[in-house]
Amino acid sequence: MTSKVTAFADIETEFDTYVGQIGYATMVTVDKQHRPRTRVLIPVWEHADGTPLGWLATYKTPVKAAHIATNPHVNFSYWAPGNNSVAVDATAEWADAPEIRERVWQLYRQTSPPGAGYDLGQFWHSPQDPKLQILRLDPWRIQVIRGRDLRSRIWQAPPEVARAAG
């Protein structure tokens with residue numbers, strides 16, 4: 001059974017729990033010929049003004065950069081044995097401001113939501129490391145599915161936000 005919710009707060013606890021427990025997500029981008037490419041990554045999430053906001057600390061590989069430049073729409077899929085899952089449809093854009101780098105470094109260190117994240121120092125020297133690149137993730141649709149009964153709930157951004165993203 002699938003239902004829609006109007007406020008992200010209605011699925012926030014379930015989203016945070018599943019994402020925190022699962023940690024890794026499969027990220028999907030598409031190339032100029034609309035072919036998908038997947039990679040497994042760990043984004044972090046926070047909540048700003050009642051809506052989710054995601055961040056991805058990553059390397060700016062030529063393939064990933066080209067895909068996002070051509071089509072900024074991305075999808076993140078979380079799944080765990082038992083079938084708890086989360087699907088996030090978002091737009092992605094590179095963010096490089098020093099305050100964003102510091103904020104994202106801290107979100108990964110503290111894990112946000114709890115359990116999602118890691119010490120970025122394992123891969124980069126500091127928030128200023130030029131090899132560290134940040135993607136801002138603006139979700140426009142999120143679906144959470146509870147595995148034990150396959151109850152599905154979907155949140156979508158307000159129409160004006162979803163139209164801008166779509």
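View 1. Ser77 is partly exposed, with a relative accessible area of 35%, where buried means under 20% relative accessible area, exposed means over 50% and partly exposed lies in between, using a 1.4 Å probe and protein chains only. The structure is a predicted model, in which local features need pLDDT of at least 70 and side-chain atom pairs count only at pLDDT 80 or more, while totals for chains, interfaces and linings use all residues. Residues are numbered from 1 along each chain as its sequence is written, and side-chain values use heavy atoms, with hydrogens and water left out. Ser77 is found in strand β6; strands (E, at least two residues) and helices (H or I, at least four) are DSSP runs numbered from the N terminus. Leaving aside neighbours within four places in sequence, Ser77 is in contact (heavy atoms within 4.5 Å) with Tyr24, Ala25, Thr26 and Val86. Between Ser77 and His47 there are 19 Å from C-alpha to C-alpha, with the two residues 30 apart in sequence.

View 2. Two strands pair if DSSP finds at least two bridges between them. Strand β2 (residues 25-30) runs antiparallel to β6 and is joined to it by three bridges, and Met27 has Phe76 as its bridge partner in β6. Seven bridges connect β6 with β7, again in the antiparallel sense, and here Tyr78 stands opposite Val86 in β7. β6 and β7 form a hairpin with five residues between them, and Gly82 in the turn has a positive phi of about 100°.

**View 3. Helix α1 and what covers it.** Helix α1 (residues 9-22) has 14 residues and spans 20 Å from its first C-alpha to its last, close to the 20 Å expected, the expected span being 1.5 Å times one less than the number of residues. Its buried residues are Ile11, Glu14, Phe15, Asp16, Tyr18, Val19, Gly20 and Ile22, and what covers them includes β1 (2-5), β4 (44-48), β6 (73-79), β7 (85-95), β8 (133-146) and β9 (151-156). After α1 comes Gly23, whose phi is positive, near 80°.

**View 4. Asp16, a buried residue of α1.** Asp16 lies in helix α1 and is buried yet has no salt bridge, the nearest side chain of opposite charge being Arg153, 11 Å away; Lys and Arg count as positive and Asp and Glu as negative, with His and the chain ends not counted. Not counting residues up to four places away in sequence, Asp16 touches His47 and Pro113.

**View 5. Salt bridges.** A salt bridge is a side-chain nitrogen of Lys or Arg within 4 Å of a carboxyl oxygen of Asp or Glu, and a search of the whole structure finds nine of them. Arg151 forms one with Glu14, with the closest N and O atoms 2.5 Å apart; this pair links distant parts of the chain, Arg151 in strand β9 and Glu14 in helix α1, 137 residues apart. Glu14 is buried, at a relative accessible area of 11%, and Glu14, Arg151 and Arg153 are linked in a network of salt bridges. Glu46 forms a salt bridge with Arg103, the closest N and O atoms being 2.4 Å apart. Because Glu46 lies in strand β4 and Arg103 in helix α3 (residues 98-110), the pair ties together parts that are 57 residues apart in sequence. Glu46 counts as buried at 12% relative accessibility, whereas Arg103 counts as partly exposed at 40%.
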